[in-house]
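Trainee: Could you take me through the reading of a strand, its pairing and a chain contact?

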Amino acid sequence: MFAISQDEDGTVKLAGRFDAAQVNAAQEVLSKITSSCVIDFKDLDYISSAGLGILFATQKRLKEANQKLTLKNLNSHIRDIFRIARFDLIFDLADSPKG
Amino acid sequence: MHAERAMAESTERTRMEREITRDLNSLEHITVMLDEFSREHRISDADRFSLALAIEEIITNIIRHQPKNNSAIHVRMNGSVDRVVITIEDPESVFFDPTAAKDPKVDLPIEERKPGGLGIFLTKRVMDEVRYEFHEGTGTTTLVKRLES
């Protein structure tokens, strides 16, 4: 189960499992983002390279317009994957628990 | 006492297998299978996450690189006392060794960094061993994960 939604304040919330079968659903929301915003990972359990690829493409597009995504509340497993992929160089990771 | 316990544990095994269709929606079935396997074999959340990632990356690679093949993909999970071995068999396939892929340059700044190539890179990092064999038209990828003590 995967869910993506955007609050009135612009925060994008991810929930469940972001695997390769969820690319279109995620793309539909993320492709509409044109200015800096926060993505909240609090309820996201899992992400694979397919999800990382969409986040990367979105960040790259925003960066060209001097905007950016800030990611918060990544669980420890997702933080490990971000570290291995060196996505910690690409994204600001805010309010994430240690470990 | 300790010797008896060690002997009992050394014979403790969990085995599961399943055939899945070549469709990204099959990932959901693999998730259910891995969750059940992880419960039975008492695998930690961290190891379960790593296994889920590695299995997904290999299966999505097979689907992407063998588009003309309609045969089912065979997934086996085999847990012993200190490790899990996953084999993913792709029958009637052509040779494609995912382990031969070049690692992406992950230290580059975003402006210079290229998308893609992360799946196998991550798989190799979160598994202890990733092997590919091709025999009589069947490609077999083997993933080995030593379990956290």
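Mentor: We begin with the model itself and then turn to a strand and a contact. This is a predicted model, in which local features need pLDDT of at least 70, side-chain atom pairs count only at pLDDT 80 or more, and totals for chains, interfaces and linings use all residues. Residues are numbered from 1 along each chain as its sequence is written, and chains are lettered from A, with ligands numbered from 1, in the order in which they are written.

Trainee: Which residues stand opposite T141(B)?

Mentor: Strands pair if DSSP finds at least two bridges between them. Strand β3(B), residues 83-90, runs antiparallel to β5(B) with 8 bridges, and I88(B) stands opposite T141(B); β4(B), residues 129-135, is also antiparallel to β5(B), with 7 bridges, and there Y132(B) stands opposite T141(B).

Trainee: How many residues does each chain give to the contact?

Mentor: Residues are in contact if their C-beta atoms, placed from the backbone, lie within 7 Å. Chain B and chain A give 21 residues each, and on the side of chain B the largest share, 8 residues, comes from α3(B).

Key:
Helices (H or I, at least four residues) and strands (E, at least two) are DSSP runs, numbered from the N terminus. Two residues are in contact if their C-beta atoms, placed from the backbone, lie within 7 Å.
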